[in-house]
Amino acid sequence: MLTIKSLNQFYGGSHTLWDVDMTVRTGSITCLMGRNGMGKTTLLKCIMGLLNIQSGAMEYENTRIDDKPAEQRARLGVGFVPQGREIFSQLTVEENLRIGLPILSSKHKKRSNIPEKIFDMFPVLKQMLHRRGGDLSGGQQQQLAIGRALVLEPKFLILDEPTEGIQPNIVHEIGSVIQRLNRDEGLTVLLVEQKLPFARRLASEFNILDKGRMVMSGKIEELSDEIVKHHLTV
């Protein structure tokens, strides 16, 4: 579904991503791993079009996207849940969920209703539809952020540390939703995740970034304790 070749990215004069190659297989749940500050969030933002790349190529379903703005990538079926959730705290849950409907309408002529499956997956959002996003707990805000991305009915969902700062029962619920979407609807998922048990539960494949370079990839079963100690342990 996604192929990245020789991607380089800079922040000012700082070279942050070095000749990154990565493939995300259609139908997979791929986990992007690495210690803090290694370039994981930067790479996700490059994929989504929120950061420009210096050189290299990105293909999504065999279409070059590295020159397309973020809104065009969303229309192609790419959904993004950023680190820290970034919901609109002063808007209600319903207003947050409706943010993406204009993009969806452009694909399907006209769409004014939030897909009911969002509330099937996250019932708490229906219960709190008229509460402000900023009044929700951290776990509820993360469910809202994921629901907001799913309103776009993406084929490819990118999640940046979806379990960060969330209570264990919500972490398990989010994991189950991701598995269900992948299994039942064929949703391809790319996630950054620091919690090894969560990554091993969900992912089919992994990639490891170290100081901006892709150093290892493989099936999740190949993620040995030795690899974890060498590349991931702080």
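How many bridges join strand 4 to strand 5, and in which direction do the two strands run relative to each other?

Analyst: Strand 4 and strand 5 are joined by two bridges and run antiparallel. The model is a predicted one, in which local features need pLDDT of at least 70 and side-chain atom pairs count only at pLDDT 80 or more, while totals for chains, interfaces and linings use all residues. Residues are numbered from 1 along each chain as its sequence is written, and side-chain values use heavy atoms, with hydrogens and water left out. Helices (H or I, at least four residues) and strands (E, at least two) are DSSP runs numbered from the N terminus, and two strands pair if DSSP finds at least two bridges between them.

Within this pair, Tyr60 stands opposite Thr63 of strand 5. The loop between strand 4 (55-60) and strand 5 (63-64) holds Asn62. Although Asn62 is not a glycine, its phi is positive, at about 65 degrees. Most residues other than glycine have a negative phi. Asn62 counts as exposed, at 73% relative accessibility; here, buried means under 20% relative accessible area, exposed means over 50%, and partly exposed lies in between (1.4 Å probe, protein chains only).

The pair belongs to an open sheet of four strands, ordered 2-1-4-5 with antiparallel pairing. Strand 2 and strand 5 are its edge strands, each pairing on one side only. Helix 1 packs on this sheet and touches strand 1, strand 2 and strand 4, its direction making about 115 degrees with that of strand 1. Contact means heavy atoms within 4.5 Å, and such angles run from 0 to 180 degrees between N-to-C directions, the axes being lines fitted to C-alpha atoms, for helices over the stretch in contact. Helix 1 (residues 40-48) is mostly covered, with seven of its nine residues buried. These buried residues are Lys40, Thr42, Leu43, Leu44, Cys46, Ile47 and Met48. Just after helix 1, Gly49 takes a positive phi of about 90 degrees.

At the other end of the sheet order, strand 1 (residues 2-11) and strand 2 (residues 14-24) run antiparallel and are joined by seven bridges. Gln9 stands opposite Leu17 in strand 2. Their hairpin has two residues between the strands, and there Gly12 takes a positive phi near 60 degrees. Asp19 lies in strand 2 and has a positive phi of about 45 degrees although it is not a glycine. With a relative accessible area of 47%, Asp19 is partly exposed.

A further open sheet has six strands in the order 6-7-8-3-9-10, with mixed pairing. Its edge strands, strand 6 (78-81) and strand 10 (213-219), each pair on one side only. Neighbouring strands of this sheet are turned by 15 degrees against each other on average, direction ignored. Strand 3 and strand 9 (residues 205-210) run parallel and are joined by four bridges, with Leu32 opposite Asn207 in strand 9.

Helix 7 lies across strand 6 and strand 7, running at about 165 degrees to strand 6. Gln140 is placed in helix 7 (residues 138-150) and is buried, with a relative accessible area of 19%. Leaving aside residues up to four places away in sequence, Gln140 touches Val124, Leu125 and Met128. In the loop between helix 6 (123-127) and helix 7 lies Asp135, which counts as partly exposed at 41% relative accessibility. Asp135 and Gly39 are 96 residues apart in sequence and 31 Å apart in space, C-alpha to C-alpha.

Helix 8 (residues 168-185) has 18 residues and reaches 25 Å from its first C-alpha to its last, close to the expected 26 Å; the expected span is 1.5 Å times one less than the number of residues. Its buried residues are Ile170, Val171, Ile174, Gly175, Val177, Ile178, Leu181 and Asn182. Viewed down the axis of helix 8, these residues fall within an arc of 155 degrees, so they line one face of the helix. The arc is that of the directions from the helix axis to the C-beta atoms. An α-helix has 3.6 residues a turn, so residues three or four places apart point the same way. The cover over the buried residues of helix 8 includes strand 3 (29-33), helix 7 and strand 8 (188-192). On the other side of helix 8, Pro168, Asn169, Arg183 and Asp184 are exposed. Just after helix 8, Gly186 takes a positive phi of about 70 degrees.
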